[in-house]
Amino acid sequence: MELYNLKLLVLMIITCSFVVSSQGKLRVGFYNKSCPDAEAIIRGVVREASISDENSAPGLLRLHFHDCFVEGCDGSILIDNGLETDERHSSGHQGVRGFDVVERAKALLEGVCPGTVSCSDIVALAARDAVFLTKGPWYEAETGRRDGMVSNVRLADNLPDVGDSIHKLKAKFIEKGLNEKDLVILSAAHTIGTTACFFLGQRLYNFPAGGGADPSINPDFLPELKLTCPQKGDVNVRVALDRGSEQTFDAQILQNIRSGFAVLQSDATLYQDVATRRVVDSYFELLSPFLGPSFEADFATSMVKMGRIGVLTGSKGTIRRVCSSFS
Ligand code: HEM
Ligand SMILES: *[C@@H]1O[C@H](CO)[C@@H](O)[C@H](O)[C@H]1NC(C)=O
C-alpha cells in the first residue's frame, strides 16, 4: 500500500514537471503553424548572402556560437544601442559578422508574420543553413527561443579565447553543458572561414614557452603562416582556418589538427590533451568509415545541444521587431 502510494507520488511529480517544462520547450518546427514559410525565407536570405559573399556562411555559423555563449542563445549579441556597453563591442566578439543578414531575414519575416519569429531563432536557423550551404550536414534545428532583454559587454568577458589552455576551454564548455566531445566537434566548425592575423601574433612570434613560434605548428606550415602574417604586418589580413579546404564543410579540419596544420592555437591544443585527442582520432581509425562515429552526425548533435544553452522560452523574453533594438 505504502509502496503503491510512493509510486503514485513519483508518477505525479514526473507528470507535473513534464507539463511545466513542455510549456516552454524548444521543438522542431515551432513556426509550422504561426509562420509556415519562416525557415524557407531564412534559407533564401542566407543562400543569397552566401552567393554574393563567401564570408557570409562562416560568419553566420560563428554568430550562433557567440550568441549562445553569452546569456544563452537569446539574440543578445545583435543589440546595437550605439553604446560602448553593448555586448557586441566585447573584444571576445571581435570579427563576428552576419548581423546584416539576420536583420534582412527579420525584415522579410516581419512582413509576412509580424512579431512571430525571434531573432535568436533566425540566428540558429541561419547557422544551420550556413553549414548545409557549405556542403555540411543538414539537420533539423529546434526553434521556439525568445529574445533576451539584456545586452551588457561585461557579460561577454568569459568567452573562450584562442590563448586558453585546454583545461580552460573544457571548463568554459562544461559550464555551458557541453562536454569535451562537443568542444572538439564544435571547434571543427573551423572547417570553414578565416581568421585575422591578429589572432596568430602570439602563436607565431611570442609563444609563452620559448618566445618564438608554437612548436606544435608543422615545420612545413610555419613559413607559410609567417609569410601571410609577418610580425609587424597588417593584423587584418585573413588566413583560412582549414588550410586547403576552407570553403567546404568537412572533417579535413580534424586531419589538419592532427598533422600540425591547425591555424588557431585553441584548435591545436585539442590534440595535446589525451581526452580531446582521442575524440579527434576517433574519426580516423582504420574502420572509422564503417564502424566509427560520423563527423557529420556528431556535428549536428552538438549544434542542437549548443542551441539549447540558456534559452528563453514560453512566456520568458520577447519577440523583437528589429533584431538590433529592444524597442
Ligand atoms: C573553442 C573555442 C573557440 C575559439 C577560441 C574560437 C576562436 C575563433 C577565432 C579567433 C576566429 C577568427 C575570428 C576573426 O578573425 O574574424 C574564429 C573564427 C570562426 N569560428 Fe571560432 N572559436 C571557437 C569555437 C567555435 C565554435 C564552437 C564555432 C561554431 C560552432 C566556431 C565557428 C567559427 C567560424 C565559422 C569562424 C570563421 C568566421 C569567419 O570566417 O568570419 N568557433 N574562431
Ligand atoms: C513541423 O513540421 C515538421 C516537418 O513536417 C515536423 O517534423 C515537426 O514535428 C512539426 N512540428 C510541430 C511542432 O508541429
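A search of the whole structure turns up 4 disulfides, a disulfide being a pair of cysteine sulfur atoms within 2.5 Å. The structure is a predicted model, in which local features need pLDDT of at least 70 and side-chain atom pairs count only at pLDDT 80 or more, while totals for chains, interfaces and linings use all residues. Residues are numbered from 1 along each chain as its sequence is written, chains are lettered from A and ligands numbered from 1 in the order in which they are written, and side-chain values use heavy atoms, with hydrogens and water left out.

Counting the bonded cysteines along the chain, the disulfides pair up as 1-4, 2-3, 5-8, 6-7. One of them ties Cys68 to Cys73, with an S to S distance of 2.2 Å. The link of Cys68 and Cys73 is right-handed, at 115° about the S-S bond. Cys68 has a relative accessible area of 0% and so is buried; that word stands for under 20% relative accessible area, with exposed meaning over 50% and partly exposed in between (1.4 Å probe, protein chains only). Cys73 also counts as buried, because its relative accessibility is 0%.

Next comes the bond between Cys119 and Cys323, where S to S is 2.1 Å. This pair links distant parts of the chain, 204 residues apart: Cys119 sits in helix H5 (residues 119–133), and Cys323 in the segment after helix H14 (295–306). Helices (H or I, at least four residues) and strands (E, at least two) are DSSP runs, numbered from the N terminus. The link of Cys119 and Cys323 is left-handed, with -90° about the S-S bond. Cys119 is buried, since its relative accessible area is 0%, and Cys323 is buried because its value is 1%.

What about the rest of H5, is it mostly covered or mostly open? Mostly covered: 13 of its 15 residues are buried. From first C-alpha to last, H5 reaches 21 Å, close to the 21 Å expected at 1.5 Å a residue; the expected span is 1.5 Å times one less than the number of residues. After H5 comes Lys135, with a positive phi near 75°.

A further disulfide holds Cys197 and Cys229 together, their sulfur atoms 2.0 Å apart. Here, too, distant parts of the chain are linked, 32 residues apart: Cys197 lies in the loop between strand E3 (194–196) and helix H8 (201–205), and Cys229 in the loop between helix H9 (222–228) and strand E4 (238–240). The link of Cys197 and Cys229 is left-handed, at -75° about the S-S bond, and both cysteines are buried.

Now for the ligands. Ligand 1 has 26 residues around it, the closest being Arg97, His190, Thr194, Ala196 and Arg238; a residue belongs to such a group if one of its heavy atoms lies within 4 Å. The side chain of Arg97 has an N or O atom 2.7 Å from an oxygen atom of ligand 1, and a polar side-chain atom of Arg238 is 2.7 Å from an oxygen atom of ligand 1. Thr194 uses a backbone N or O atom, 2.9 Å from an oxygen atom of ligand 1.

A side-chain N or O atom of Asn32 lies 2.3 Å from an oxygen atom of ligand 2.

Technical notes
A polar contact is a pair of N or O atoms within 3.5 Å; within protein, one must be able to donate a hydrogen and the other to accept it, and residues adjacent in sequence count only if both atoms are side-chain atoms.
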